[in-house]
Amino acid sequence: MSFLSETLSRVKPSPTIAVTTLAGELKAAGKDVIGLGAGEPDFDTPANIKAAGIAAIEAGKTKYTAPDGIPELKQAICDKFARENGLNYTPQQISVGTGGKQILYNALMATLNPGDEVVIPAPYWVSYPDMVLLAGGTPVIAAATLENSFKITPDQLEAAITPKTKWLIFNSPSNPTGAGYSLAELKGLTDVLMRHPHVWVMTDDMYEHLAYDDFEFCTPAQVEPGLYERTLTCNGVSKAYAMTGWRIGYAAGPVELIAAMRKIQSQSTSNPCTISQWAAIEALNGPQDFLVTNNVTFKRRRDLVVSMLSEIDGITCPVPEGAFYVYPSIAGLIGKTTPDGTVISNDEAFSRALLETTGVAVVFGAAFGLSPNFRVSYATSDEALKEACTRIQNFCAELT
Ligand SMILES: Cc1ncc(COP(=O)(O)O)c(C=O)c1O
């Protein structure tokens with residue numbers, strides 16, 4: 001019998017971290033690698049936010065705090081929800097964790113019993129199914145299609161719900177596709193949820209501020225106030241404020257659920273980093289103009305990648321509404337062969353051959369629950385993106 005737990009045997013390590021690690025190893029070994037695997041902005045944390053962290057250290061704000069956050073940060077989060085989302089919460093309804101990841105994990109740990117089902121639209125962020133499994137629940141995948149711009153329909157949601165459904169995890173704009181639900185599309189889903197009062201919604205609004213063209217972000221409790229009592233609205237500072245390493249995420253929801261999440265956190269990591277909490281207050285309350293500047297850069301990069309990949313025979317690359325990912329289909333390349341005889345049998349084989357031949361690291365679609373695709377993170381320089389897309393074009397041109 002293994003010394004390791006049975007629960008652990010049901011989950012797999014994060015494939016996105018695995019790709020980033022492999023690319024790093026190849027780079028260290030001297031290979032010319034361009035990493036398009038990592039899900040983090042290449043921008044530095046804005047100076048005013050760094051200064052707030054430094055000021056916190058110098059003021060001796062370096063001790064334990066309440067497990068789920070200092071009152072000043074909880075108030076800043078309440079203000080953010082009121083200002084940006086039209087949602088009213090009190091500080092008792094706020095939980096702050098070590099990244100958005102811990103917030104989602106706490107919520108699942110606090111609520112799932114064996115047999116409970118969690119509906120997860122695919123393509124999904126890699127961690128959702130495994131977190132559900134770790135918490136003892138059962139993921140139920142509702143698979144979107146490229147034809148429907150990687151968004152699930154109300155009928156698909158309806159079909160996925162059973163009497164055992166506890167949560168829908170809803171992520172828009174999405175990692176890995178960048179797809180964002182419009183108000184009308186989201187209303188279609190919330191109408192279904194209103195017919196199933198036993199189903200709660202866990203939103204993952206991490207990419208709220210990364211939206212382009214005329215896309216307008218909206219979140220379930222805002223679109224359907226009738227869901228307020230059974231929605232956990234999750235967000236964080238990692239992506240929009242280029243603060244991935246600071247590790248601050250947060251959520252708002254019913255007091256009882258927030259208290260249950262606090263209990264879990266108090267017995268695992270205790271409070272999120274004190275210094276980062278003070279920096280996050282500055283992120284939320286301070287100037288927001290750099291978000292607009294960053295989005296101009298991200299949109300330019302998105303358009304560059306979409307246009308260069310769309311030139312390739314066999315690849316279809318939809319234009320996403322937000323985040324910093326594109327999720328092209330390689331359906332037209334499956335079955336082809338590389339010059340050294342490797343058959344592109346699926347998206348994992350494609351990504352491996354691409355990395356070995358050209359040094360371009362992408363993440364294969366099977367990791368996100370929809371194949372045959374691959375995910376490109378365009379949160380890197382225009383020059384690196386141009387070079388990477390040229391290498392992908394050349395690699396595909398040599399397939400026969
Ligand atoms: C959709 C989504 N949710 C949550 C997270 C986790 O965010 P954090 O770094 O704040 O834990 C990520 C990070 O990749 C993400 O893409």
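## Terms and model

A polar contact is a pair of N or O atoms within 3.5 Å; within protein, one atom must be able to donate a hydrogen and the other to accept it, and residues adjacent in sequence count only if both atoms are side-chain atoms. The model is predicted: local features need pLDDT of at least 70, side-chain atom pairs count only at pLDDT 80 or more, and totals for chains, interfaces and linings use all residues. Residues are numbered from 1 along each chain as its sequence is written, and side-chain values use heavy atoms, with hydrogens and water left out.

Helices (H or I, at least four residues) and strands (E, at least two) are DSSP runs numbered from the N terminus.

## The ligand

There are 13 residues around the ligand, and Asn-175, Asp-204, Tyr-207, Ser-238 and Lys-239 come nearest. Here a residue is near a molecule or strand if one of its heavy atoms lies within 4 Å of it.

A backbone N or O atom of Gly-100 lies 2.8 Å from a ligand oxygen. In Ser-238, a polar side-chain atom is 2.6 Å from an oxygen atom of the ligand. For Arg-247, an N or O atom of the side chain is 2.8 Å from a ligand oxygen. On its own the ligand has 400 Å² of accessible area, and the protein covers 92% of it. Accessible areas come from the Shrake-Rupley method with a 1.4 Å probe; for residues, only the protein chains shown count as cover.

## Helix H4

Helix H4 covers residues 71–85. The expected span of a helix is 1.5 Å times one less than its number of residues. Just after H4, Gly-86 has a positive phi of about 65 degrees.

The buried residues of H4 are Leu-73, Lys-74, Ala-76, Ile-77, Cys-78, Lys-80, Phe-81 and Asn-85. Buried means under 20% relative accessible area, exposed over 50%, and partly exposed in between (1.4 Å probe, protein chains only). An α-helix has 3.6 residues a turn, so residues three or four places apart point the same way. The elements that the buried residues of H4 pack against include strand S2 (94–97), strand S7 (231–236), helix H10 (255–266) and helix H11 (274–285).

Strand S3 takes in residues 117–122, and six of its six residues are buried. In a regular strand the side chains alternate between the two faces of the sheet. In S3, Glu-117, Val-119 and Pro-121 are on one side and Val-118, Ile-120 and Ala-122 on the other, and both faces are covered.

S3 pairs with strand S4 (residues 138–143) in the parallel sense, over six bridges. Two strands pair if DSSP finds at least two bridges between them. The bridge partner of Glu-117 in S4 is Thr-138.

## An antiparallel sheet

Three strands make an open sheet in the order S9-S12-S11, with antiparallel pairing. Strand S9 (325–326) and strand S11 (363–364) are the edge strands, each pairing on one side only. Two bridges join S9 to strand S12 (residues 374–377) in the antiparallel sense. Val-326 stands opposite Val-376 in S12.

## The loop between S6 and H9

Thr-219 is found in the loop between strand S6 (200–204) and H9. Thr-219 is buried, with a relative accessible area of 1%. The side chains of Thr-219 and Asp-205 make a polar contact at 2.7 Å. Leaving aside neighbours within four places in sequence, Thr-219 is in contact (heavy atoms within 4.5 Å) with residues including Asn-85, Leu-87 and Thr-233.

Glu-216 lies in the loop between S6 and H9. Glu-216 counts as exposed because its relative accessibility is 63%. In sequence Glu-216 and Leu-183 are 33 residues apart, and their C-alpha atoms are 7.8 Å apart in space.

Most residues other than glycine have a negative phi, and most peptide bonds are trans. Asp-213, in the loop between S6 and H9, has a positive phi near 55 degrees. Ala-242 is in the loop between S7 and S8 and has a positive phi of about 50 degrees. Ala-242 counts as buried because its relative accessibility is 10%.

The peptide bond from Ser-172 to Pro-173 is cis, with omega near -15 degrees; Pro-173 lies in the loop between strand S5 (165–171) and helix H8 (183–194). The bond from Ser-371 to Pro-372 is cis, with omega near -5 degrees, and Pro-372 is found in the loop between S11 and S12.
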